[in-house]
Amino acid sequence: MISPDTPTNEQLRLSAVQSYGLLDTLPEEEYDEITRLIASVCDTPISLVTLLDSNRNFLKSHHGVAMNESPRSISFCGHAILDHVDIFIIEDARKDDRFKDNPLVNDSEVVFYAGSPLYDADGFPLGTLCVFDTKPRILTEPQKMFIIAMAKQVVKLFELHKNKHQLETTKALLEQRNQELKEFASVVSHDLKSPLSNITSLARLLKEEYGIQFDDSGNQYIDYIEESSLT
């Protein structure tokens, strides 16, 4: 067995994968519909939507298997993303030096693999849409084209999820800032009311204690001060 190499732009690729916020998320019907359909069209028992993390192959959708991740070191998908191809096919893994001693081949009896890399807008391969079988297979051209076309649809679902995630993050940030603004306004209002209250009290005291010593204009000015501090 030969473990897949690490792409030269791996850190950028991993950042792209993480930006979608899909790792460790629960299964979703939109993806499960695609894997069921792909398995049916290709007549294979297993179909997956995968995302390649730093050391694991996360299965966003897994038709025909119960696991939701596997080690990247033994993944077929790790090899599939290395060359910029539309589809990566292994017709008989038992005859391929990269896979013939692979635990997936020896223990799970995987023989056939076909995977189309999931390229984002910048060309980073995020994972694959793939099918497996326990016997050698040769896909027809329409089947190959169908896998490639559906891989593009998976990426569109990724983009929708990413946009929704960004909108929710922005909404939460705006709500937090709005709450902070309300709290700030409350503090400012309180700080302003204290000196204004003191001015009102002082104006009333002046009028009560010395009002008789002021002429009409003086008392009117004191009234103005009191009224202004209340508005």
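Six strands form an open sheet in the order β3-β2-β1-β6-β5-β4, and their pairing is antiparallel; strands (E, at least two residues) and helices (H or I, at least four) are DSSP runs numbered from the N terminus, and two strands pair if DSSP finds at least two bridges between them. The edges are held by β3 (69-71) and β4 (88-90), each of which pairs on one side only, while the twist from one strand to the next averages 25°, with axes taken as lines fitted to C-alpha atoms, for helices over the stretch in contact, and angles running from 0 to 180 degrees between N-to-C directions.

This is a predicted model, in which local features need pLDDT of at least 70 and side-chain atom pairs count only at pLDDT 80 or more, whereas totals for chains, interfaces and linings use all residues. Residues are numbered from 1 along each chain as its sequence is written, and side-chain values use heavy atoms, with hydrogens and water left out.

Within the sheet, strands β1 (residues 46-52) and β2 (residues 56-63) run antiparallel and are joined by six bridges, and S47 stands opposite H63 in β2. Helix α2 (residues 29-42) packs on the sheet, touching β1, β2 and β6 (125-133), and its direction makes about 75° with that of β2; contact here means heavy atoms within 4.5 Å.

A search of the whole structure finds zero disulfides, a disulfide being a pair of cysteine sulfur atoms within 2.5 Å. The sulfur of C77 has its closest cysteine sulfur in C130, but at 3.9 Å this is too far for a bond. C77 is buried, with a relative accessible area of 1%, and C130 is likewise buried, at 1%, where buried means under 20%, exposed over 50% and partly exposed in between (1.4 Å probe, protein chains only).
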